[in-house]
Amino acid sequence: SITLLNNTLTANCQGILIDKESPSNNVIGNTALHNQWEGVGITSDTNTIKNNTVSDTGGIGISNTGSSNQFYGNSSCGNEINCKGVPAEGGNNCCP
């Protein structure tokens with residue numbers, strides 16, 4: 001497992017990607033701006049995604065296709081699609 005803490009990712013193809021073969025990670029306090037595809041993409045299981053901010057992404061702001069992931073206090077606004085697979089509970093803000 002890894003912890004990605006307090007990073008700023010700007011103008012990349014993809015901000016943060018947690019691949020399906022890398023479970024049980026922590027993605028905390030990161031900012032992803034102006035990325036081409038996804039700001040935060042989670043395809044693995046049992047991760048904690050907390051207090052991240054994603055905006056102005058050409059694809060999906062925060063995407064979750066894994067299972068048993070925990071999302072708390074994330075914000076995804078101003079993206080082509082703000083959230084996919086992110087639960088409404090946990091104080092997540094997925095703008096309309």
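**Exercise 1. Find what share of the 96 residues in the chain is buried.**

Step 1. Buried residues make up 38% of the 96 residues in the chain. Buried means under 20% relative accessible area, exposed means over 50%, and partly exposed lies in between (1.4 Å probe, protein chains only).

Step 2. Know the model. It is predicted: local features need pLDDT of at least 70, side-chain atom pairs count only at pLDDT 80 or more, and totals for chains, interfaces and linings use all residues. Residues are numbered from 1 along each chain as its sequence is written, and side-chain values use heavy atoms, with hydrogens and water left out.

Step 3. The accessible surface of the chain comes to about 4800 Å². Of this, 49% belongs to carbon and sulfur atoms. Accessible areas come from the Shrake-Rupley method with a 1.4 Å probe; for residues, only the protein chains shown count as cover.

**Exercise 2. Work out how many helices and strands the chain has, and how compact the chain is.**

Step 1. Count the elements. The chain has zero helices and 13 strands. Helices (H or I, at least four residues) and strands (E, at least two) are DSSP runs, numbered from the N terminus.

Step 2. Check the radius of gyration. It is 11 Å, close to the 12 Å that the globule rule gives for 96 residues, so the chain is as compact as a globular protein of that length. The radius is taken over C-alpha atoms; the rule is 2.2 Å times the number of residues to the power 0.38.

Step 3. The C-alpha trace spans about 30 × 25 × 20 Å along its principal axes.

**Exercise 3. Give the strand order of the open sheet of four strands.**

Step 1. The order is β3-β6-β9-β12, with parallel pairing. Two strands pair if DSSP finds at least two bridges between them.

Step 2. Look at the edges. β3 and β12 (81-84) each have a single partner strand, so one side of each is left without a neighbour in the sheet.

Step 3. Go through the pairs. Three bridges join β3 and β6 in the parallel sense. Here L17 stands opposite G41. β6 and β9 (residues 60-64) also run parallel, joined by four bridges. There G41 stands opposite S63.

**Exercise 4. Decide how well β6 is covered, and whether G39 and S63 are buried or exposed.**

Step 1. β6 is mostly covered: five of its five residues are buried.

Step 2. Take G39, which lies in strand β6. G39 is buried, with a relative accessible area of 0%. Leaving aside neighbours within four places in sequence, G39 is in contact with G15, I16, A32, V54, T57, I60 and G61. Contact means heavy atoms within 4.5 Å.

Step 3. Take S63, in strand β9. S63 is buried too, at 5% relative accessible area. Not counting residues up to four places away in sequence, S63 touches E38, V40, G41, I42 and K84.

**Exercise 5. List the residues of the largest nonpolar core.**

Step 1. The core has 12 residues: L9, I16, I18, V27, A32, V40, I42, I49, V54, I62, F71 and V86. A nonpolar core is a set of buried Ala, Val, Leu, Ile, Met, Phe, Trp, Tyr and Cys residues joined through side-chain atoms within 4.5 Å.

Step 2. Follow F71. Among the residues that F71 touches are I42, I49, I62 and V86, not counting residues up to four places away in sequence.

**Exercise 6. Find where S24 and S68 lie.**

Step 1. S24 is in the loop between β3 and β4 (26-28). Its phi is near 65 degrees, a positive value in a residue other than glycine. At 36% relative accessibility, S24 is partly exposed.

Step 2. S68 is in the loop between β9 and β10 (70-72). The phi of S68 is near 60 degrees, also positive in a residue other than glycine. S68 is exposed, with a relative accessible area of 56%.

Step 3. Most residues other than glycine have a negative phi.
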